[in-house]
Amino acid sequence: MSFNPVIQSQETADFLATGLAPALVVHRSRRDGRADPLWLQWTLTGVALSFLTVFIVVPLVNVFAQALAKGVPAYVAAISHPDALAAIWLTVVAAVVAVILNVVFGTITAWAITKYEFRGKSLLISLVDLPFSVSPVISGLVFILLFGAQGYFGPWLQDNDIKIVFAVPGIILATVFVTFPFVARELIPLMREQGIQDEEAAISLGASGLRTFFRVTLPNVKWALLYGVLLTNARAMGEFGAVSVVSGHIRGETNTMPLHIEILYNEYQFMAAFAVASLLAFLALVTLVAKVVLEKRIARTTR
């Protein structure tokens, strides 16, 4: 079939003459949200803001209002109670350890997946996503089956006076398990997109593997790594399901902040429960602000 530019141009002119082309252009332009009617833009914006206000802002404000309902002295007394301080300290310890371990092993996992080809690579990727698909309660039960008194390693642990479940190590293990994917999942897409050219160039110039990682790879992924740290920290501090199973709910010893809040609420100490909850809410707001700042920084560096 031959191509005749004269016929082609004539067909185009006929098409434009029918007025269909301008209609098509208008139709396509209306797909852009900026071309929607003003009333529709305001309606959609109002619906979104109303939903966020009712389901997020109002409950959050109510938490702080209930926490201060009996005044600042009662609020301070609630969060300075020995059991509350122990819960706060344990939450911070579990979150810090979880972040450190996830940074180390998440980075190693992302490095192995993106820089090497090996058998079982797809299985490793699936294992990284496993905590997303498994209920936190089930993950806690897995640790009970492994390290509990009737578990596989329970008798040996008891003989050597080593406590995992119903103790701090179990809480840390459960926290690390549920937060593991965040760092790795932030790094894998970026490392895969960057490829291995920079590392190969550094090694060809005589740099060692460790030096290449710290001077080439790490600077290239530092913002994604920090983003993963923020998500890991936020999830670690608010984790309830897995920690609840392995903690044993021992006051002053194995209760994290979410568990302590549950106990206070079940005992009808509502003001104290909201006081401790306000600390978690404040930490969430701090994390949100840090996330927004980090996203803006990433946007500026990628322009």
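**Reading burial, charge, packing and rings**

Analyst: Arg251 has a relative accessible area of 38% and is partly exposed. The classes are buried (under 20% relative accessible area), exposed (over 50%) and partly exposed in between, with a 1.4 Å probe and protein chains only. The model is a predicted one, in which local features need pLDDT of at least 70 and side-chain atom pairs count only at pLDDT 80 or more, while totals for chains, interfaces and linings use all residues. Residues are numbered from 1 along each chain as its sequence is written, and side-chain values use heavy atoms, leaving out hydrogens and water.

User: With which residue does Arg251 form a salt bridge where the closest N and O atoms are 3.8 Å apart?

Analyst: Side chains of opposite charge can pair when their charged atoms come close. A salt bridge is counted when a side-chain nitrogen of Lys or Arg is within 4 Å of a carboxyl oxygen of Asp or Glu. In this case the partner of Arg251 is Asp83. Arg251 lies in the loop between helix 12 and helix 13 and Asp83 in helix 5, so the pair ties together parts that are 168 residues apart in sequence. Helices here are DSSP runs of H or I with at least four residues, numbered from the N terminus. Asp83 is buried, at 18% relative accessible area.

User: Which residue meets the side chain of Arg251 at 2.1 Å, N to O?

Analyst: That residue is Glu267, again in a salt bridge. Glu267 sits in the loop between helix 13 and helix 14, and Arg251 in the loop between helix 12 and helix 13, so this pair ties together parts 16 residues apart in sequence. Glu267 counts as partly exposed, at 37% relative accessibility. Through shared partners, salt bridges join Asp83, Arg251 and Glu267 into one network.

User: How many salt bridges does a search of the whole structure find?

Analyst: The search finds 6 salt bridges. One of the pairs is Glu239 with Arg235, at 3.0 Å from N to O. Glu239 is buried, with a relative accessible area of 4%, whereas Arg235 counts as partly exposed at 27%.

User: Which residues have the most contacts inside the largest nonpolar core?

Analyst: A nonpolar core is a set of buried Ala, Val, Leu, Ile, Met, Phe, Trp, Tyr and Cys residues joined through side-chain atoms within 4.5 Å. The largest one here has 33 residues, and Ile171, Ile261, Ala275 and Val276 have the most contacts inside it. At least two residues of this core come from each of several helices, including helix 3, helix 4 (72–79), helix 9 (168–194) and helix 14 (270–301). Helix 14 supplies the largest share, 7 residues. Another core, of 12 residues, lies apart from it, and Val183, Ala184, Ile188 and Met191 are among its members.

User: Which residues does Ala275 touch, not counting residues up to four places away in sequence?

Analyst: Contact means heavy atoms within 4.5 Å. By that rule Ala275 touches Ala67, Tyr75, Ala78 and Ile79. A second example is Glu199, in helix 10 (residues 197–204). Glu199 is buried at 7% relative accessibility. Leaving aside neighbours within four places in sequence, Glu199 is in contact with Trp111, Lys115, Thr212, Val216 and Thr217.

User: How many aromatic pairs does the count give?

Analyst: A pair of aromatic rings is described by the distance of the centres and the angle of the planes. Rings of Phe, Tyr and Trp (its six-membered ring) pair if their centres lie within 6.5 Å; planes under 30 degrees apart count as stacked, over 60 as edge-to-face and the rest as tilted. By this rule there are 9 aromatic pairs. The ring centres of Trp111 and Phe213 are 5.6 Å apart and the planes stand at 70°, so this pair is edge-to-face. Trp111 belongs to helix 5 and Phe213 to helix 11, so the pair ties together parts 102 residues apart in sequence. Trp111 is buried, with a relative accessible area of 18%. For Phe132 and Phe182 the centres are 5.5 Å apart and the planes at 80°, so this pair is edge-to-face. Phe132 is partly exposed at 47% relative accessibility, whereas Phe182 is buried at 15%.

User: Which residues form one aromatic cluster?

Analyst: Phe143, Phe147, Phe153 and Phe177 form one such cluster.
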